[in-house]
Amino acid sequence: MEEICTHLGASRDTVKKMIKKQGLPAYKIDRKWKFKISEVDSWVRNNNRVTSQSEKVSN
């Protein structure tokens, strides 16, 4: 989790929200999250829009 947070430049809480709400590819084994960097990079390229709080209000 720490490495993916650094890779994405996001906090742990943000990454968890991205997994739950936006479908960031991740695998939970026991209590640890695992990621394939290639899948995450592909997901970021295809889903490069993160909804911000201000966008939620305007929609």
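Leaving aside neighbours within four places in sequence, which residues is Met1 in contact with? They are Arg12, Val15, Lys16, Trp33 and Phe35, where contact means heavy atoms within 4.5 Å. This is a predicted model, in which local features need pLDDT of at least 70 and side-chain atom pairs count only at pLDDT 80 or more, while totals for chains, interfaces and linings use all residues. Residues are numbered from 1 along each chain as its sequence is written, and side-chain values use heavy atoms, with hydrogens and water left out.

**Figure 1. Overview of the predicted protein, with four helices and two strands.** From the N terminus on, the order of elements is α-α-β-β-α-α. Helices (H or I, at least four residues) and strands (E, at least two) are DSSP runs, numbered from the N terminus. Of the 59 residues, 19% count as buried; buried means under 20% relative accessible area, exposed over 50%, and partly exposed in between (1.4 Å probe, protein chains only). The protein exposes about 4,900 Å², of which carbon and sulfur atoms supply 47%. These areas come from the Shrake-Rupley method with a 1.4 Å probe, and for residues only the protein chains shown count as cover. Among contacts between residues at least 6 apart in sequence, 27% join residues at least 24 apart.

Figure 2. An α-helix has 3.6 residues a turn, so residues three or four places apart point the same way. Gly23 follows helix 2 and has a positive phi, near 80°.

**Figure 3. The largest nonpolar core, 10 residues in all.** Its members are Met1, Ile4, Cys5, Val15, Met18, Ile19, Leu24, Phe35, Val40 and Trp43. Helix 1, helix 2 and helix 3 each supply at least two residues of this core, and the largest share, three residues, comes from helix 2. A nonpolar core is a set of buried Ala, Val, Leu, Ile, Met, Phe, Trp, Tyr and Cys residues joined through side-chain atoms within 4.5 Å.

Figure 4. At 10% relative accessibility, Trp43 counts as buried. Apart from neighbours within four places in sequence, Trp43 is in contact with Met18, Gln22, Gly23, Leu24 and Pro25. The C-alpha atoms of Trp43 and Pro25 are separated by 7.4 Å, and the two residues lie 18 residues apart along the chain.

**Figure 5. Asp30 in the loop between strand 1 (27-29) and strand 2.** Asp30 is not a glycine, yet its phi is positive, about 55°. Most residues other than glycine have a negative phi. Asp30 counts as exposed, at 75% relative accessibility.

**Figure 6. Confidence along the chain and residues 52-59.** The mean pLDDT of the protein is 86, and 80% of its residues reach 70 or more; pLDDT is the predictor's confidence in each residue, from 0 to 100. Over residues 52-59 the pLDDT is below 50, and beyond near neighbours in sequence this stretch has four contacts in the model. Where pLDDT is low, the predicted coordinates should not be read in detail.
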